[in-house]
Amino acid sequence: MSEQNQNNNAKNNQQKGAQVQDINQLLKVRREKLAELQEAGQDPFQITKYNVTYHTAEAKADFEAKFPKPAEGEEAPEIPEADRITVSIAGRLMSKRVMGKASFGNIQDLKGNIQIYVTRDELGEDNYKGFKRTDIGDILGVEGYLFRTRTGEVSVHATAVTLLSKSLQILPEKFHGLTNTDIRYRQRYVDLIMNPEVKDTFVKRSKIIAAIRRYLDTQGFMEVETPMLVSNAGGAAARPFETHFNALDEDLKLRISLELYLKRLIVGGLERVYEIGRVFRNEGVDTRHNPEFTLMELYQAYTDYHGMMDLTENMYRYIAEEVLGTTKITYNGIEMDLGKPFERITMVDAVKKYSGVDWNEVKDLEQARSLAKEHHIEFEDFHKKGDILNLFFETYVEEHLVQPTFVMDHPVEISPLTKKKPENPEYVERFEFFMNGWEMANAYSELNDPIDQRERFAAQDALADAGDEEANHTDEDFLNALEVGMPPTGGIGYGIDRLCMLLTDSPAIRDVLLFPTLKSEKK
């Protein structure tokens, strides 16, 4: 290493050491301030409640409605005391500017932020000194009345300020914010404080789920809850997480799907049921996958996969209008229109359209393997003709499905819980719903023939024996339920996180999960 590089490294280390020392000193001062308050009998952590009458955005809206902003060049008129809007707000102190006998600050709460104006004359000498000793990040309660400053900003003229909680940590610097994605995900609480757009994303997520529930309520659906700990994790092609239940000395799995229990409820006569809940799949992590994610599945008796298409199309439009106020959404600069009829195309036609291969002309597994090799598509020895069709679809078609599209009629080999098409038993009455090249939902005309279902389970057991860790296993109790009798039923599963990504224009699934799965900091 050159002498110059050594000098630069030493200088950088000195600067980092000085920064750490400065931060440690600031943290020490905050704790000293807390100790002084506690010694004076003013411990903020002893306060148990505070009467909040307004959120910041509501206070501003009420003031603007009653006292509109004057025309340019005109001063805001003095508001008579009898007409003042008095407020009591609470939130985090995000900035402070002390100017002798008067100070300004900014309070942030759930709905936004508002400027506060604090004076020694209004608060009194001791209370004003107390305000001056507050730190950025402290949580304050502020009573006062609304007014408009000379610059036109609606503000609170404080008549009382109460320290409700002392912040002993230091928030990121205001103008640079919190940009390190790893820290953002690990310390979501700081992320929500510093980045308003992040808070907006999760407010929208809550609205999306609420809109789903409202829509399904109008359609006569009943929300239910089913087990997360199961002995047989079925209903999807995924590797489960495994655990041990000490009380019964039994190995259990975390559910990978909601399907098999919800279908039991259809057997029991609950004709329209749904569940929104976490499922767990022992798989990789990327921009669209997290090992635990939110899935919604619903089942409706006496309908089929066409009924599920109609429900999906109507529900997606409803959610977009409720949450965004429009059926046109933009993701990563690409506009998708939920207002137009969604395209409906079979998997075979889609593969022919984008790869040029007509699967209707593929007669057997040997020909399918030959085509796969010709098109450089890798497959496993246990893959059958239908599996290879699906590989063609994934390779050639998915990326093109940007606008809302239902891809129908999948091969039977990849659909162990679905009714076969009566006119062509190589395919089943199933669709996947795509937007932005992503699978957004998966739906079936549900298989209700217990004899056929047992044969499908046996085929899955054979795959598992051959090494397929994502294969289903025979579920005897579920087969017993089908033997009791399940009506013709349509069912569907929706990836809620991907829907939230689209409607909030979020680039990664971690951006719509408050607490995504991360590697431990020790690693």
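# Exercises on a predicted model

Lys 421 is in contact (heavy atoms within 4.5 Å) with Tyr 305, Asp 409, Tyr 427, Val 428 and Glu 429, leaving aside its neighbours within four places in sequence. This is a predicted model, in which local features need pLDDT of at least 70 and side-chain atom pairs count only at pLDDT 80 or more, while totals for chains, interfaces and linings use all residues. Residues are numbered from 1 along each chain as its sequence is written, and side-chain values use heavy atoms, with hydrogens and water left out.

## Exercise 1

Find the strand that holds Lys 421, and decide whether Lys 421 is buried or exposed.

Solution.

Step 1. Lys 421 belongs to strand β16, residues 420–421. Strands (E, at least two residues) and helices (H or I, at least four) are DSSP runs, numbered from the N terminus.

Step 2. The relative accessible area of Lys 421 is 11%. Buried means under 20%, exposed over 50%, and partly exposed in between, with a 1.4 Å probe and protein chains only. Lys 421 is therefore buried.

Step 3. The side chains of Lys 421 and Tyr 305 are joined by a polar contact of 3.4 Å. A polar contact is a pair of N or O atoms within 3.5 Å; within protein, one must be able to donate a hydrogen and the other to accept it, and residues adjacent in sequence count only if both atoms are side-chain atoms.

## Exercise 2

Show how the buried residues of helix α14 are arranged, and state what they pack against.

Solution.

Step 1. In α14 (residues 476–484), the residues Phe 478, Leu 479, Ala 481 and Leu 482 are buried.

Step 2. Seen down the axis of α14, these buried residues fall within an arc of 155 degrees, so they line one face of the helix. The arc is that of the directions from the helix axis to the C-beta atoms.

Step 3. An α-helix has 3.6 residues a turn, so residues three or four places apart point the same way.

Step 4. The buried residues of α14 pack against α8 (259–267) and α13 (450–465). Exposed residues Glu 483 and Val 484 sit on the face turned away from the buried side of α14.

## Exercise 3

Describe what is found at the two ends of α14.

Solution.

Step 1. The N-terminal end of α14 is capped by Asp 475, with a side-chain oxygen 3.3 Å from the backbone nitrogen of Asp 477.

Step 2. Gly 485 follows α14 and has a positive phi, near 120 degrees.
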